[in-house]
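I opened my notebook to get to know a structure that was new to me. Here is what I looked up, in the order I did it.

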Protein chains: 2
Amino acid sequence: MSGPAHGSGLAALMDDVGRRARAAARELARTSGERRNFGIAAAARSLLSHAETILAANAQDVACATERHLTAPLLDRLRLDPPRVAAMATALTEIVALPDPVGRVLAQWTRPNGLVIQRVSVPLGVIGIIFESRPNVTSDAAGLCLKSGNAVILRGGSDSFESSRAIQACLADALHEAGLPRDAVQIVPTTDRDAVGYLLGSMQEWVDVVVPRGGRSLVSRVQRDARVPVIGHLEGVCHVYVDGAAELPVARAVLLNSKLRRTGVCGAAETLLVDRACVATHLAPLIAALLDAGCEVRGDPAACATDARVRPAEEADWGAEYLDAVIAVRCVDGVDDAIRHIARYGSGHTDAIVTAGTEVAERFLAEVDSAIVLHNASTQFADGGEFGMGAEIGIATGRVHARGPVGVEQLTSFNYRVRGSGQVRP
Amino acid sequence: MSGPAHGSGLAALMDDVGRRARAAARELARTSGERRNFGIAAAARSLLSHAETILAANAQDVACATERHLTAPLLDRLRLDPPRVAAMATALTEIVALPDPVGRVLAQWTRPNGLVIQRVSVPLGVIGIIFESRPNVTSDAAGLCLKSGNAVILRGGSDSFESSRAIQACLADALHEAGLPRDAVQIVPTTDRDAVGYLLGSMQEWVDVVVPRGGRSLVSRVQRDARVPVIGHLEGVCHVYVDGAAELPVARAVLLNSKLRRTGVCGAAETLLVDRACVATHLAPLIAALLDAGCEVRGDPAACATDARVRPAEEADWGAEYLDAVIAVRCVDGVDDAIRHIARYGSGHTDAIVTAGTEVAERFLAEVDSAIVLHNASTQFADGGEFGMGAEIGIATGRVHARGPVGVEQLTSFNYRVRGSGQVRP
């Protein structure tokens, strides 16, 4: 990573953004949850009332992108229309309705010397969000950060620069009118590619944590280069393990939903593991159900033997994140072998066991070291909303600070507040 | 940071350490708290029964260090004797007595669809500890990591290499005999200085978090170079703010204890702020008490005016971490000015207010953004043991994951365990 030297134009620009974010964070930390909600609601209204400006900016981005022959899915991801702007406003309104994550007393105890110690949630401070070209991330991420009392520095893909800038301007104006610091929501004001390197590597003084939102290459770049803490998820290589004691209808329902409800989400199953103990009864019907639902199946020899449509899996299939209607299928020797396979090929995201056996389920839940482990439930429940945590900024696969769904609670830190009556330490 | 290329001797050596630590961590994560306690207790006995070997290794280190003309305090820090070895064993025994931090159900709730979601504490995985030449850190840190189910890679100062190696061998042998993986406690097996760079920058696959233990230069180097998460504290520039509504005897007692109980600890006060509202009554007696107790005072003009022994403070005194019997004294205009001063010059470690006014105390507690804030109590309570958390590995000043005292609970992560009955996502 080679950020430009301090003192250069980019460094000065970025340091100014950082300095203003830090000042805004200090101010935000002193605001009430009601005040922040008021600001987020104002931002939602502002998006609706400035929809035309936002759509005009987006049209510029789309025109540029079309000229540059972006693929149809990327163009779709970039394009805004009135319903999408309305959805952004609705998402903000839903964030308003969440409980205030700041100022909660997380724990309280009294020491023998009479000191009363509280652990209280506080904002993280300044959050850097690095994302690709989905303009709605601008407002979604800003809403979550504001709710949790944080200032945010947004850096979107250059394809969506004009859209993001229009959305950010809308939000910042609304905050200002609501009596909150305009700099609480900033956007990196340049498409210079070195800005990301500078944000990751040279802004420790101004940025407390970076959250990458995007594909594997973005996230791994951020994790490689960041010298600030990162909350991110690399990929979701999720497994469904059908145990020997699984009821076939439950296994079929959980498997089909885990794989096919939506194939492009990080909680989608990518590998089916079937216990050799039920291969004779369960393997063929499960594979047939997948194939009949339009899913490509790549299997080990036992899986291939069940149906001519199954293609032989290669080593690279174990551990592949297809994000598509493709699944890898392998037979394993019971739960221990399943746990070993997941430890070797999984990504620590979400894994499920289907079984009627409580003991084997508990072993799986205790020993599979993933952010989310499920018994008799679809891996597609890997979602902050489904967990009852409200909107999320992603599913963290790291082990430090946040793990699993990252909602507004996970965007807080805490401190200790100690009340005494003159105690001194012996 | 320029770690050696993969494939070189050092890289191969370090990757082997990392790979074995990861395997040990996986094994440890499946052990019971009882088993780990058994191992830590065995390690404590092993230290005592191998005291002679450890002291012989330490004598080598001390001889080398003497030849290299280390200062007396550094030599004292390095030197072991039978009581110090016994103290190491006692510290391990105390860790055994702590509650098991792993497998705790941190939260549990049921969703409308019947899914039961638990958040359960799990080990972090592999912890790298980088420390200076205090050999006892080897066993203290290893004990805390083992208690929380983590494997540890220790890297001490080269001055204490033989001592650390002897202690580590002792612990690893004891673990092995207790049926736990020997590789759960490893030491970087070389004094090559590049090993630290490699540990920080190239071992993301094997190391989940790094904890630096030592002075500011070590910690800031680690924070600058690490590409894995860091839990560390930079420094403790702790303040005592004496508010206009403070009772003088309480202020005097809290101040003297905060500054002088021990001057070399990170929770020692370095700056006294006095509200202009009580300067006439409180400033002179507080300064006299400090001077009479042997503390050097560097003050602003108001402080200098109280006593000829007060030297004028320079700009560098605000924000200085003296770790010595020296204090900076300044008058401020009430709690807001105190909060501003602390935000500007403090290090986010520990700060205290002395006042009889509840409202002003609550403002200070809510608005001073430090890991620990106290009302009418000494800053020297900044300590895991004093908080009732047991032994600690340090006081974290970062905002991510851990903040304040880092005990065994803070060395854990968590995951979500979801129990269903065949639920699929609509």
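**Entry 1: confidence.** I began by reminding myself that this is a predicted model. Chain A has an average pLDDT of 94, and 98% of its residues score at least 70. I marked residues 1-7 of chain A, where the pLDDT is below 50. Beyond near neighbours in sequence, that stretch still has 16 contacts in the model. For the complex, the predictor gives an ipTM of 0.93 and a pTM of 0.92.

**Entry 2: domains.** I looked up the domain assignment of chain A and found domain 1 at 9-234 and domain 2 at 238-383. Taken over C-alpha atoms, the centres of these two domains of chain A are 36 Å apart.

**Entry 3: where the chains touch.** How many residues does the contact take from chain A and from chain B? I found 55 from chain A and 55 from chain B. On the chain A side, the elements giving two or more residues are α1 (9-29), α10 (248-260), α14 (358-367), β13 (372-377) and β16 (412-423).

**Entry 4: a sheet across both chains.** I followed β16(A) onward and saw 5 bridges joining it to β13 of chain B (residues 372-377), with the two strands running parallel. Within this pairing, Val418(A) has Leu374(B) as its bridge partner, and Gln423(A) stands opposite Ala377(B). I then traced the whole open sheet of 10 strands: β1(A)-β2(A)-β16(A)-β13(B)-β12(B)-β7(B)-β8(B)-β11(B)-β9(B)-β10(B), with mixed pairing. Its edge strands are β1 (105-110) of chain A and β10 (311-312) of chain B, each pairing on one side only. Helix α14 of chain B (residues 358-367) lies across β16 of chain A together with β7, β12 and β13 of chain B, and runs at about 160° to β13(B).

**Entry 5: another sheet.** I traced an open sheet of 10 strands in the order β10(A)-β9(A)-β11(A)-β8(A)-β7(A)-β12(A)-β13(A)-β16(B)-β2(B)-β1(B), again with mixed pairing. Which strands are at the edges? They are β10 (311-312) of chain A and β1 (105-110) of chain B. At the chain B end, 5 bridges join β1(B) to β2(B) (residues 116-123), and these strands run antiparallel. One pair I picked out there is Trp109(B) opposite Ile117(B). Helix α10(A) lies across β7, β8, β11, β12 and β13 of chain A together with β16 of chain B, at about 165° to β12(A). Helix α11(A) (residues 279-292) packs on the sheet too, touching β7, β8, β9 and β11 of chain A, and makes about 160° with β8(A).

**Entry 6: a helix pair in chain A.** I finished with α2(A) (residues 33-49) and α5(A) (residues 82-96), whose axes come within 9 Å and cross at roughly 170°. The two helices are therefore roughly antiparallel to each other. Among the residues that meet are Ile40(A), Ala44(A) and Leu47(A) from α2(A), and Val85(A), Met88(A) and Leu92(A) from α5(A). The residues of this contact divide into 13 nonpolar, 2 polar and no charged.

Key: Residues are numbered from 1 along each chain as its sequence is written. Chains are lettered from A and ligands numbered from 1 in the order in which they are written. This is a predicted model: local features need pLDDT of at least 70, side-chain atom pairs count only at pLDDT 80 or more; totals for chains, interfaces and linings use all residues. Axes are lines fitted to C-alpha atoms, for helices over the stretch in contact, and angles run from 0 to 180 degrees between N-to-C directions. Helices (H or I, at least four residues) and strands (E, at least two) are DSSP runs, numbered from the N terminus. Angles under 35 degrees count as roughly parallel, over 145 as roughly antiparallel, 65 to 115 as roughly perpendicular and the rest as oblique. Two residues are in contact if their C-beta atoms, placed from the backbone, lie within 7 Å. Ala, Val, Leu, Ile, Met, Phe, Trp, Tyr, Cys and Pro count as nonpolar, Asp, Glu, Lys and Arg as charged, and the others, Gly among them, as polar. pLDDT is the predictor's confidence in each residue, from 0 to 100. Two strands pair if DSSP finds at least two bridges between them. Domain bounds come from an automatic or database domain assignment.
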